[in-house]
Amino acid sequence: MQMKRVSVFCFAALISCLLIGCESQPKEPGRYYNKGKGFSIKFPDGWERVKTPPMGIEIQFTNPASTEIISVQVQKISPQKTLTDGFNFMKSLIQNNGGVISSAGQETIDDCDAKWFVTQYNRENILYYLLKKEDYLYAIMLGCSKDTVSDDFENKMREIAKTFRFEK
């Protein structure tokens, strides 16, 4: 009787392991996954996760010198709201608080429409990307202080933003 219980337990454990293995895909090294909010993003090597990001920020990473920062925010929105609605709201919020929009545009990230703008706000240069999927607005914010901005800041940050993916 004892042997039968052990066999049944081992069989159940083996089946569980196989099922779990079938469901999960291998994780890409250096990529942050947030299964609950359905996204992932790859941060540059050497960057560190901020242990306590500001309220409303899902994840935040900073470079070793703490001069550049990347944040991702996910907000549930009304199904009637569009990506353009969210984009216009964010731009006006920044402008109403003294930010200056220097450029804006759109592109595709992970086969999804994305809108972006660059602002100088509170002594920082920030590149905002906004994407909408279902009832969620995803904001990728990439920034650095005005004192440390480099000529290739936007290009480097755009490459990071393009690593954003929606996960199932």
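E58 is partly exposed, since its relative accessible area is 24%, where partly exposed covers the range between buried (under 20% relative accessible area) and exposed (over 50%), with a 1.4 Å probe and protein chains only. This residue belongs to a predicted model, in which local features need pLDDT of at least 70 and side-chain atom pairs count only at pLDDT 80 or more, while totals for chains, interfaces and linings use all residues. Residues are numbered from 1 along each chain as its sequence is written, and side-chain values use heavy atoms, with hydrogens and water left out.

**Salt bridges**

- The structure holds 9 salt bridges, a salt bridge being a side-chain nitrogen of Lys or Arg within 4 Å of a carboxyl oxygen of Asp or Glu.
- The side chain of E58 meets that of K37 in one of these, at 3.9 Å from N to O. The pair links distant parts of the chain, with K37 in the loop between β1 and β2 and E58 in the loop between β3 and β4 (59-62), 21 residues apart.
- K37 is also partly exposed, with a relative accessible area of 31%.
- K156 forms a salt bridge with E68, the closest N and O atoms being 2.8 Å apart. Because K156 lies in helix α3 and E68 in strand β5, this pair ties together parts that are 88 residues apart in sequence.
- E68 counts as buried at 8% relative accessibility, whereas K156 is partly exposed at 34%.
- A network of salt bridges links E28, R31, K42, R165 and E167.

- R31 lies in strand β1 (residues 31-34); strands (E, at least two residues) and helices (H or I, at least four) are DSSP runs numbered from the N terminus.
- Not counting residues up to four places away in sequence, R31 touches S40, I41, K42, T163 and R165, contact meaning heavy atoms within 4.5 Å.
- β1 pairs with strand β2 (residues 39-42) in the antiparallel sense over 4 bridges, and two strands are taken to pair if DSSP finds at least two bridges between them.
- The two strands form a hairpin with 4 residues between them, and G38 in the turn has a positive phi of about 75°.
- N34, likewise in strand β1, counts as buried at 11% relative accessibility, and is in contact with F39 and E58 when its neighbours within four places in sequence are left aside.

**The sheet and its helices**

- An open sheet is formed by 7 strands in the order β3-β4-β5-β9-β8-β7-β6, with antiparallel pairing. β3 (48-49) and β6 (100-109) stand at the edges, each with a single partner strand, so one side of each is left without a neighbour in the sheet.
- Strand β5 (residues 68-76) is joined to strand β9 (residues 136-145) by 9 bridges, and E68 stands opposite C144 in β9.
- Helix α3 (residues 153-161) packs on the sheet, touching β5, β6, β7, β8 and β9, and its direction makes about 150° with that of β9; axes are lines fitted to C-alpha atoms, for helices over the stretch in contact, and angles run from 0 to 180 degrees between N-to-C directions.

**The chain as a whole**

- The protein chain contains 3 helices and 10 strands, and 36% of its 168 residues count as buried.
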